[in-house]
Amino acid sequence: AAVEKQRRELENIMQVNIFAPTMPNEFKGDQTITPVRFGSEVWSKEKFQREMNLVHNILEQNGFDKKLLTKSRNHSERVMNELGGDALACYWREGMLKELAAKAEYLKNMEDVGAKAKGSRIETLVIRSRDAVQKIMEEKDMQSETYKFHSGKFKRLLVLLKDNPQTRTKTIIFVETKSLVYPMRYVINKTFGRVCGATMGRGAMSVADRERALKEFRDPNGLRILVSTPVLEEGIDVPQCQIIIRYNNVSTTRSWIQGAGRARSRDAKMYVFENDPKLEEEKREMMEGIGRKEELAQTNHELKGGRETLLSGNGGAEWTTAEGAKITIFSAMDIVMQYAQKVFRESF
């Protein structure tokens, strides 16, 4: 009874059925996990606020509404805290408008009329603002204290990359927010030459740019570093990948396992800036241990019943909402896509 309870609890947490917990362990090599310690740097918030106000006044004059301005301010502060002023200048000059342009393209390709209209409005804002932002950034003194500043955390990352200079070693740096991707890539390339690519999910980066970055990273003689958001934890498979760097906090055990799994080399390393590696590994081992218990495996009768249910077109498990609507495995994807369209229409 206790084992069955464990199985149901795990299935409920993971939203899956456990079919084959007896599947053998894959070779994981001798992966080492190292916590990264870093110091803090003091920077002038007053100077930062003055610089940010100049940029956002330009955006407001070119039609950015209050919601877009608030999100841009939040992202700007995040970049300054996590990376520093040099990266922030890149975010204003390039990253912010690139993200919006990709968002506009994504919305315009949706079938929903409202989403298309919003995509067109954002595209107009980007075109209208690009030259004005470039001009004000060109007028700024990039040698000032604000723009020469690197956070203690980012300084430690640059040292870590310098200590792993092998040209054929592939490194993936996972960051939690898209606002950090382009700025981090910019400073890394400024420091080491063109060695780093960037990739994000749909709605934040064009499909062409994403595929180009992945192709260059997979090339043994191509880019050796890739900055990525967690959306690609499951999709990047590079046999030469030897180093995984977790720059931000990893919020789930699933994400921890998938990120670590991107390192395919036999002597792979993972560096962690925020999480406690010992605690995360204990959670991983507990999850894998439960998942591999033979007692939890579904019986042949259960497997056969599930297969027949799916083939019959009944959709397996069925849920009924308070309003009486029925949701099955076959209708769930359409519902999620409709929901996502509505959400993205209201997002940055």
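Visitor: Which residues does S179 touch, leaving out those up to four places away in sequence?

Guide: S179 touches H75, R78, V79, Y91 and E99. A contact here means heavy atoms within 4.5 Å. Keep in mind that this is a predicted model.

Visitor: Where is S179 found?

Guide: S179 is in the loop between β2 (170-174) and α8 (181-192). The C-alpha atoms of S179 and S76 are separated by 7.9 Å. Along the chain, these two residues are 103 residues apart.

Visitor: Why does S179 count as buried?

Guide: The cut-off for buried is under 20% relative accessible area. S179 has 2% relative accessibility, so S179 counts as buried.

Visitor: Y91 was on that contact list. What does α4 do at Y91?

Guide: α4 bends there by about 55 degrees.

Visitor: How do you know that the span of helix α4 agrees with 1.5 Å a residue?

Guide: Helix α4 covers residues 85-108, which is 24 residues. At 1.5 Å a residue, the helix should span 34 Å. The end C-alpha atoms are 33 Å apart, so the two values agree.

Visitor: What makes α4 mostly covered?

Guide: Of its 24 residues, 18 are buried.

Visitor: What makes E82 and R78 a salt bridge?

Guide: The cut-off is 4 Å between a side-chain nitrogen of Lys or Arg and a carboxyl oxygen of Asp or Glu. For E82 and R78, the closest N and O atoms are 3.5 Å apart. That distance is within the cut-off, so the pair is a salt bridge. Both residues lie in helix α3 (residues 66-82). They are four residues apart, about one turn of the helix.

Visitor: Is E82 buried or exposed?

Guide: E82 is at 12% relative accessibility, so E82 counts as buried. R78 has a relative accessible area of 29%, so R78 is partly exposed.

Visitor: How do you know that E82 forms a salt bridge with K153?

Guide: The closest N and O atoms of E82 and K153 are 2.9 Å apart. The limit is 4 Å, so this pair also meets the definition. The pair links distant parts of the chain: E82 is in helix α3 and K153 in helix α7 (residues 152-162). The two residues are 71 residues apart. K153 has a relative accessible area of 6%, so K153 is buried.

Visitor: Which residues are linked in a network of salt bridges?

Guide: R78, E82 and K153.

Visitor: What makes R212 and D209 a salt bridge?

Guide: Their closest N and O atoms are 2.7 Å apart. That is within 4 Å, so R212 and D209 form a salt bridge. Both lie in helix α9 (residues 207-218), three residues apart.

Visitor: How many aromatic pairs does a search of the whole structure find?

Guide: Two aromatic pairs. In one, the rings of F38 and F273 have centres 5.9 Å apart and planes at 35 degrees.

Visitor: Is F273 buried or exposed?

Guide: F273 is at 5% relative accessibility, so F273 counts as buried. F38 has a relative accessible area of 34%, so F38 is partly exposed.

Visitor: Why is the pair of Y247 and F273 called tilted?

Guide: Their planes are at 50 degrees, so the pair is tilted. The ring centres are 5.2 Å apart. Y247 lies in the loop between β5 (241-246) and α10 (253-260), and F273 in the loop between β6 and α11, so the pair ties together parts that are 26 residues apart in sequence. Ring pairs link F38, Y247 and F273 into a cluster.

Visitor: How do you know that the charged end of R93 sits over the ring of Y186?

Guide: The charged end of R93 is 5.1 Å from the ring centre of Y186. The distance limit is 6 Å, with an angle limit of 35 degrees from the ring normal. K170 lies over the face of F217, at 5.4 Å from the ring centre.

Notes. Residues numbered from 1 in each chain as written. Predicted model: local features only at pLDDT ≥ 70, side-chain atom pairs only at ≥ 80, totals over all residues. Heavy atoms only, no water. Expected span 1.5 Å × (residues − 1). Bend = angle between axes of the 7 residues up to and from the residue. Buried < 20%, exposed > 50% of the residue type's maximum accessible area, 1.4 Å probe, protein only. Phe/Tyr/Trp six-rings, centres within 6.5 Å; stacked < 30°, edge-to-face > 60°.
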